[in-house]
Amino acid sequence: MAPPQRSPLRSPEPISQAASRPTRRSLLAGVAALGALGAAGCSRVATASSTEGGDLLGRLRAAGVVRLGIAGEIPFGFIDTNGELTGEAPELAKVIFKRLGIDRVQPVPTEFGSLIPGLNSQQFDVVAAGMYVNPERCEQVIFSDPDYQMLDSFIVRKGNPKGLRDYKDVVEKKAKFATGTGYAEIQYAVDAGYKESDILIVPDQVAGLNAVEAGRVDVFAGTALTVREVVKKSAKAEATEPFKPIVDGKPHVDGGAFAFRPTETNLRDAFNVELHKLKKSGELFRILKPFGFTEAEMTDLTAKELCGG
């Protein structure tokens, strides 16, 4: 939803008022039909092109619509209770693609782990799911520069009785550990010495909160954003201070971005131009702020940095 992540990742997970909303699993179920209906009315765009850098941008302008792969994760990309597409990535996509001459965005819901395969098999045109940029993913897709950066945080019981502040604490104190399906936090914990087979994998941060509150686990790991939002109404759990996971022996900051097929550098580059204009004007923060992002999560990280050079 990530580090030099070997596992599928998060991105990010879900958030804002998440405790009172449907879980990621129910969101996915609810939007699947919507996505199918939308996709049915849209012809598939072929990736083959004789144009250097790809000609998808021109074809999307002609069609007037771009298909966005989303994973039903609040706040990154989801269908709200009114059946409308929203979230950090879709709202940003609406602004940027309109500036590029494409008036409509169309959601194509899928599981997080299916986003990259779905993109490369032409099920949609762009991944708009707040996906972390990491070297493994960079071998399969190309990324825009990140629109946000993110630290990790834990959900723990009130008072943090085990004193869990980072993954090293989780290992040393033999805490029962949980995180979300495909989250980067799986690999962070494994890198710290936690046995992967002992990790409880749950659908999202809402399920993680429930597991901590019920005492099934001592800690759930997620992004600082989703964790701080989901515990707001909890009487039994709290969020720890955000921290940087250790990757290759160094503190690491993740960045979330849009993913494109490797052949479509022209589209990615045009997207980046508009993204950087939004960063410079401050409009980017105004778009992301309603989804719980703070100024501390704005970033100048580049995809090149996060891809490993």
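The paragraphs below go from confidence to a disulfide, then to a helix pair and a few backbone details.

Please keep in mind that this is a predicted model. The protein chain has an average pLDDT of 87, and 84% of its residues reach at least 70. The stretch to treat with care is residues 1-47, where the pLDDT is below 50.

Next, the cysteines. A disulfide is a covalent bond between the sulfur atoms of two cysteines. Searching the whole structure turns up one disulfide, and it joins C138 to C307, with an S to S distance of 1.9 Å. Which parts of the chain does the pair link? They are distant ones: C138 belongs to helix α5 (residues 135-138), while C307 sits in the segment after α12 (303-306), and the two cysteines are 169 residues apart. The torsion about the S-S bond of C138 and C307 is about -70°, which means that the disulfide is left-handed.

Now turn to two helices, α3 (residues 88-99) and α10 (residues 265-281). Their axes come within 10 Å and cross at roughly 110°. Angles of 65 to 115 degrees count as roughly perpendicular, and α3 and α10 are therefore roughly perpendicular to each other. The crossing of α3 past α10 is right-handed. Which residues meet there? From α3 come L92, V95, I96, F97 and R99, and on the α10 side they meet L267, F271, E274, L275, K277 and L278. Sorted by class, this contact of α3 with α10 holds eight nonpolar and three charged residues, with no polar ones.

In the loop between β1 (65-70) and β2 (78-79) you will find P75. The peptide bond that joins I74 and P75 is cis, with omega at about 10°. Moving along, the loop between α4 (115-120) and β5 (126-132) contains Q122. Although Q122 is not a glycine, its phi is positive, at about 70°. The loop between β8 (152-157) and α6 (167-172) holds N160. N160 is a residue other than glycine too, and its phi is a positive value near 45°.

Key
Residues numbered from 1 in each chain as written. Predicted model: local features only at pLDDT ≥ 70, side-chain atom pairs only at ≥ 80, totals over all residues. Heavy atoms only, no water. Axes fitted to C-alpha atoms, helices over the stretch in contact; angles between N-to-C directions. Helix = DSSP H or I, 4+ residues; strand = E, 2+ residues; numbered from the N terminus. Parallel < 35°, antiparallel > 145°, perpendicular 65-115°, else oblique. Left-handed = near helix turned anticlockwise from the far one by under 90°. Contact = heavy atoms within 4.5 Å. Nonpolar A, V, L, I, M, F, W, Y, C, P; charged D, E, K, R; others polar. pLDDT = per-residue confidence, 0-100. Disulfide = S-S within 2.5 Å.
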